[in-house]
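The following note comments on a single model, point by point. It is meant to be read with the sequence and the coordinates at hand.

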Amino acid sequence: MIPKIILGKGPKAVRRTIGYLFGPGRANEHTDPHLVASWNDFAPDPGRSPHRAPKDVEDQLATQLDQPVQMLGDKAPKYTVWHCPVRAAPEDPILTDAQWADIARRIVAATGIAPDGDPDGCRWVAVRHADDHIHIAATLVRQDGRRPKRDHDQRAVQREARQIEVDYGLRRLKPGDGTAAKHPTSKEHFKAKRLSQDATSREILRLRVRRAVAAASSEAEFFAFLKVTGVDVRPKTEPSGDVTGYSVALPGDVNKQGEPIWFAGSTLASDLSLPKIRTRLTDTSPEPVAIPPGDPWHQATAATERIPHHLTHGDEHTAQGQLVALGAALDLLPLTAPTTARAELERAAAVFERATRSRIAADLGSARVLRRSVQAIWRTPAPGGDGSGLVMLIDAALTAVAFARHWHRTRQHAQQEAAAEKALLHLQNAYAQITGPVLASLAQRSPGLQVKRRFAHHLQEAVPEHAERILNDPAFDALATVLAEAEAAGHNAVAVLGQALGQRPLDDARNPARALTWRIRRLGERHAPSPRAQAANARSTAQRPGTRTHTTAGVPPQQQPPAQRR
């Protein structure tokens, strides 16, 4: 059950609200509008007065609702209308008028509009004009002339909605913590549908602003990227000349007067206000010690692979900063991906956005390497080489998102946990779409049978409990290719294999050969160690039968969150 509070102002706010509730709707979607409850249980009902003109009854109802406000004259509050649509989920049973009436009374009581047993509470009505929802409209002056005590009514209405779901056996939504981005309004949804758009202007702008933040290393770059992506920008400039905010609009998105529809950054999401963006750009500015030169795909993958460790061993502020950086990486990944996987990556980024915010302050400086390496990738026209860089990064992101889900679960961040769960599904779909061509390309360069037998022997000695699965995996030819290429680059195959096995257990891998392929590909492209170092690594690997039980980020396997299946 989804309630949403909207405040109205102006001399005709009450009449305008009643006119909308009993009218046909913006797309003729209102059917049989009528009252199901009111403050006195006998308010005039424009939908059930067959012998009177509906407009006359609407006028009478608006007048009665507005009477306490009018009694105050110039002392009336700025906002005079409290409007709360309450919608059931599509799979919920159709409720009766009596049930909706009970729900309306519970909500006005919980929010302080009309407390139980208080005869002087605000005047209100509940209107039903569809099977799945009602609208509660109230005036914000009590009948004794005082203002209602509705502190934190947004939280109160959500809390009561969760209890109503339990009492009526309705779909139970995840409780929030007040950090979610603002949802598009019904009006915005209708407009998008009328224009045959898949998303509302608010959602499109939020995505483009997030991408600009993820890509920018300075405030000037941020605004430049917005303009390049087709976003109109209007800075908020104070008399002193200081820019304290900004608004964005889509070209051609205008109101009835033909004026652009502007959205302030803070109304797209709380972390997209200009002060928050400035803090983020400052905290993630180039570090005192520059990132060593190298393949940005490898650097981003290595940084992403460290996220589980930060989530399990770091403090909460560091962990939250890592999640913000992971969200920024997912925001930019679709721009580097092949067309076949772009849609799934965009969906993953869109839903994971909710998992990047909580009440915990983020230490953004802890994720500089990931942010800088992803920015370097974005500035590269296409993934390097055969596309394995993108596959390796998504492979690491799958595990990071799985740990993010677990991190939120342990802190009872229900909405963020659900968002990470959905993001995992989209990432898995994208991963499946991308890996096929890359593995096929590697398999075409597979070494001869004798070399593959030698690699099989190494696998049977290093990880006997998984050897059969790896050797029977369709991706074994690709694994043999990257092992052979690592040897050609000067690496010791046994040592590289041992390092790859030590990075993370294979217990949660549905395709172990595929998982090893990406690890060895990245290890093999590093600078080959000297013969003396190789010998030391080989002795170390031989003395460590524990390669079978290495843990992820120092967490014993039995305590790890169930990761994604690849």
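Predicted model: local features only at pLDDT ≥ 70, side-chain atom pairs only at ≥ 80, totals over all residues.

1. Salt bridge of Glu 221. The side chain of Glu 221 meets that of Arg 379 in a salt bridge, with 3.3 Å from N to O. This pair joins distant parts of the chain: Glu 221 belongs to helix α7, whereas Arg 379 sits in the loop between α14 (368-378) and α15, 158 residues apart. Arg 379 has a relative accessibility of 42% and therefore counts as partly exposed.

2. Aromatic pairs at helix α7. The structure holds four aromatic pairs. In one of them, Phe 222 and Tyr 246 are arranged edge-to-face, at 5.6 Å centre to centre and with 80° between the planes. Phe 222 lies in helix α7 (residues 219-228) and Tyr 246 in strand β8 (residues 243-249), so that this pair links distant parts of the chain, 24 residues apart. Phe 222 counts as buried because its relative accessibility is 0%; Tyr 246, at 4%, counts as buried as well.

3. A second ring on Tyr 246. Phe 223 also forms an edge-to-face pair with Tyr 246, the centres being 5.9 Å apart and the planes at 80°. Because Phe 223 lies in helix α7 and Tyr 246 in strand β8, the pair ties together parts that are 23 residues apart in sequence. Both Phe 223 and Tyr 246 are buried. Through such ring pairs, Phe 222, Phe 223 and Tyr 246 are linked into a cluster.

4. The sheet that contains β8. Strand β8 takes part in an open sheet of three strands, in the order β7-β8-β9, with antiparallel pairing. The edges are formed by β7 (232-237) and β9 (263-264); each has a single partner strand, so one side of each is left without a neighbour in the sheet. β8 and β9 run antiparallel and are joined by two bridges. Ser 247 has Ala 264, in β9, as its bridge partner.

5. Nonpolar cores. The largest nonpolar core comprises 97 residues, and those with the most contacts inside it are Phe 222, Val 248, Phe 352, Leu 479 and Leu 516. Helix α15 (residues 388-410) supplies the largest share of this core, 13 residues. A second, separate core has 42 residues, among them Met 1, Cys 84, Ala 104 and Ile 136.

6. Surroundings of Phe 352. Which residues does Phe 352 touch, not counting those up to four places away in sequence? They are Leu 323, Leu 326, Gly 327, Leu 330, Val 401, Ala 404, Ala 419, Ala 420 and Ala 423.

7. Further salt bridges. The count of salt bridges comes to 30. One of these patterns stays within a helix: Glu 344 and Arg 347 both lie in helix α13 (residues 339-352), three residues apart, which is about one turn of the helix. Their side chains meet in a salt bridge of 3.5 Å, N to O. Glu 344 counts as buried because its relative accessibility is 13%, whereas Arg 347, at 42%, counts as partly exposed.

8. A bridge between two helices. Glu 487 forms a salt bridge with Arg 454, and their closest N and O atoms are 2.8 Å apart. Here too distant parts of the chain are linked: Glu 487 is in helix α19 (residues 476-488) and Arg 454 in helix α17 (residues 449-462), 33 residues apart. Glu 487 is partly exposed, with a relative accessible area of 27%, and Arg 454 is partly exposed at 33%.

9. A salt-bridge network. Salt bridges also link Asp 118, Arg 142, Asp 144 and Arg 146 in a network.

10. The buried face of helix α1. In helix α1 (residues 13-21), the buried residues are Ala 13, Val 14, Thr 17, Ile 18 and Leu 21. Seen down the axis of α1, they fall within an arc of 130°, so they line one face of the helix. What covers these buried residues includes β2 (6-9), α2 (54-72), β4 (79-87), β5 (122-130) and β6 (133-142).

Technical notes:
Residues numbered from 1 in each chain as written. Heavy atoms only, no water. Buried < 20%, exposed > 50% of the residue type's maximum accessible area, 1.4 Å probe, protein only. Helix = DSSP H or I, 4+ residues; strand = E, 2+ residues; numbered from the N terminus. Arc of directions from axis to C-beta. Contact = heavy atoms within 4.5 Å. Phe/Tyr/Trp six-rings, centres within 6.5 Å; stacked < 30°, edge-to-face > 60°. Core = buried A, V, L, I, M, F, W, Y, C linked by side-chain atoms within 4.5 Å. Salt bridge = Lys/Arg side-chain N within 4 Å of Asp/Glu carboxyl O. Pairing = 2+ DSSP bridges.
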